[in-house]
Amino acid sequence: MSGIIPLSMQDLAAHSRFVQRLRRRYADDLALLPPGVPTPSALQAAYEALRHRHDEAAALRILRQLVMARLAQLDCQRQASLAEITQAVTDLAEFALETALRIAQDELDLWHGPPRAPDGSRAVLWVIGMGKLGARELNVSSDIDLIYVYNADGETDGNEQGARRISNHDYFTKV
């Protein structure tokens, strides 16, 4: 044999400066994702592990980088189909949106109390994914188009420390 490694055996992703940078920066965290295409349960487990060492926002950012490095590797080595890649990117976007929404609402609830509908139930915010996110076809370079809607006008409860109530509109705008 001439010493030439067949193209199919090479780690083509290693030739990417982006992947090289991620592998160096997150060397200790790359193993948090199990082998293969990241699944929603793998995203959750990796995020929880990252939360032991980082705040929630940093854990989300690092998780995104880990997923991007993994998907570049899988794509370059043809170990995942386009459908699997777009599914994983969509799963990541949905996980990040749900997590960020929870973080923002938890923080605002501390300051202003939960938003209430006229019947006293908690007012709910929905995040609607449009375009490629709505079609579940995100790729690694996609942006996301979102629409935010909530179900009821009203105001927040305030808090025990006397923080003022705000309208649901103001609450969800802050979220």
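Leaving out neighbours within four places in sequence, D29 is in contact (heavy atoms within 4.5 Å) with L50, R53, I62 and L66. This residue sits in the loop between α1 (17-25) and α2; helices here are DSSP runs of H or I with at least four residues, strands are runs of E with at least two, and both are numbered from the N terminus. D29 counts as buried because its relative accessibility is 8%, where buried means under 20% relative accessible area, exposed means over 50%, and partly exposed is anything in between, with a 1.4 Å probe and protein chains only.

Before going further, a word on what you're looking at. This is a predicted model, in which local features need pLDDT of at least 70 and side-chain atom pairs count only at pLDDT 80 or more, while totals for chains, interfaces and linings use all residues. Residues are numbered from 1 along each chain as its sequence is written, and side-chain values use heavy atoms, with hydrogens and water left out.

Now zoom out. The chain has six helices and two strands, and from the N terminus on they run α-α-α-α-β-α-β-α. The chain is more spread out than a compact globule, because its radius of gyration is 21 Å, well over the 16 Å that the globule rule gives for 175 residues. That radius is taken over C-alpha atoms, and the rule is 2.2 Å times the number of residues to the power 0.38. Along its principal axes, the C-alpha trace spans about 75 × 35 × 25 Å. Still, of the contacts with a separation of 6 or more, 63% are between residues 24 or more positions apart.

What about the inside? Of the 175 residues, 34% count as buried. The largest nonpolar core has 27 residues, and Y47, L63, V67, M68 and L71 have the most contacts inside it. A core here is a set of buried Ala, Val, Leu, Ile, Met, Phe, Trp, Tyr and Cys residues joined through side-chain atoms within 4.5 Å. Two or more residues each come from α2 (40-51), α3 (56-76) and α4 (82-112), with α3 giving the largest share, ten residues. Take Y47: not counting residues up to four places away in sequence, Y47 touches E56, A59, L60, L63, F95, T99, R102 and I103. There's also a second, separate core of seven residues, including L101, I166, Y171 and F172.
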